[in-house]
Amino acid sequence: MKYLHTMVRVHDLDASMRFYRDALGLVEVKRSEHEAGRFTLVYLAAPGDEDAQVELTYNWPDADGKAEVYTGGRNFGHLAYAVQDIYAACAKLQQHGVTINRPPRDGRMAFVRSPDGISVELLQAGPALPPAEPWASMPNTGSW
Ligand SMILES: C[C@@H](O)C(=O)SC[C@H](NC(=O)CC[C@H](N)C(=O)O)C(=O)NCC(=O)O
Ligand code: NI
């Protein structure tokens, strides 16, 4: 058996691409448009780890132009990625307007949320980094 992907439904595909691709740093691996089912699938992965994907499902708006809004179930926890420099990764996310809900005060772990509230965990690859400001004294934000 081989892990393929985790599927998340997204309300706004452009906003989600700005989060997962531009802010988080994933790369688009493949995309498919499904006219009959009226949805788009976009698969993204970390550079160099193309086999471990997140599948964004975008259900097209209905005849009234309304796209479904998804309220997350407690059964889904988070997506997790290892990063080479958690401070640099969090700074890039902030530069793209993403709130660091759980800052890396310990130089090891941070959490952010996608535009749909999907929780994403970032873990420092290897040993934790030494404490550094502003992260060491940054409080949790929002529902963290
Ligand atoms: C190609 C493979 O990776 C898929 O996951 S396709 C699965 C299929 N997805 C859809 O039909 C997307 C649109 C649908 N309206 C939806 O929101 O799921 C599917 O069977 N989805 C059902 C599911 O529970 O995942
Ligand atoms: Ni799938």
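Helices, of at least four residues, and strands, of at least two, are DSSP runs numbered from the N terminus. With that settled, I opened this predicted model and looked up phenylalanine 19, which is found in helix H1.

**Entry 1. Phenylalanine 19**

I then listed its contacts, leaving aside neighbours within four places in sequence: they are Leu24, Val98, Ser114 and Pro115. I also looked up the distance from phenylalanine 19 to tryptophan 60. The two are 41 residues apart in sequence, and their C-alpha atoms are 19 Å apart in space.

**Entry 2. The nonpolar core**

I turned next to the largest nonpolar core, which has 22 residues. Leu24 and Leu93 are the residues with the most contacts inside this core. I noted which elements supply at least two residues each: helix H1 (13-23), strand E3 (39-45), strand E4 (53-59), helix H2 (86-95), strand E6 (109-113) and strand E7 (119-124). The largest share, four residues, comes from H2. For leucine 93 I recorded the residues touched, not counting those up to four places away in sequence: Ala23, Leu24, Val98, Ile100 and Val112.

**Entry 3. The open sheet**

I traced an open sheet of four strands and wrote down the order E1-E4-E3-E2, with mixed pairing. Which strands stand at the edges? They are E1 and strand E2 (27-34). Each has a single partner strand, so one side of each is left without a neighbour in the sheet. From one strand to the next, the twist averages 20°.

I then examined the pairs. E2 and E3 pair in the antiparallel sense over seven bridges. Across this pair, arginine 31 stands opposite valine 42 in E3, and serine 32 stands opposite leucine 41 in E3. E3 and E4 also run antiparallel, joined by seven bridges. Here I found tyrosine 43 opposite glutamate 55 in E4. I keep one general point beside these entries: in a regular strand the side chains alternate between the two faces of the sheet.

**Entry 4. Two backbone details**

I looked up arginine 38, whose place is in the loop between E2 and E3. The hairpin of these two strands has four residues between them. Phi of arginine 38 is near 55°, a positive value in a residue other than glycine. Arginine 38 has 12 C-beta neighbours inside 10 Å and therefore counts as exposed.

The second detail is the peptide bond from glutamate 133 to proline 134, which is cis, with omega near 5°. Proline 134 has its place in the segment after E7. For comparison, most residues other than glycine have a negative phi, and most peptide bonds are trans.

**Entry 5. The surroundings of ligand 1**

Which residues surround ligand 1? I listed Met7, Arg9, Gly37, Phe39, Glu55, Thr57 and Asn59. They divide into two nonpolar, three polar and two charged. Strand E1 (5-9) and E4 each supply at least two residues of this shell. The largest share, three residues, comes from E4. I noted that Glu55 belongs to the shell and that glutamate 55 in E4 also stands opposite tyrosine 43.

How values were computed: Residues numbered from 1 in each chain as written. Chains lettered and ligands numbered in written order. Predicted model: local features only at pLDDT ≥ 70, side-chain atom pairs only at ≥ 80, totals over all residues. Core = buried A, V, L, I, M, F, W, Y, C linked by C-beta atoms within 7 Å. Buried ≥ 20, exposed ≤ 12 C-beta atoms within 10 Å, placed from the backbone. Contact = placed C-beta atoms within 7 Å. Near = placed C-beta within 6 Å. Nonpolar A, V, L, I, M, F, W, Y, C, P; charged D, E, K, R; others polar. Pairing = 2+ DSSP bridges. Axes fitted to C-alpha atoms, helices over the stretch in contact; angles between N-to-C directions.
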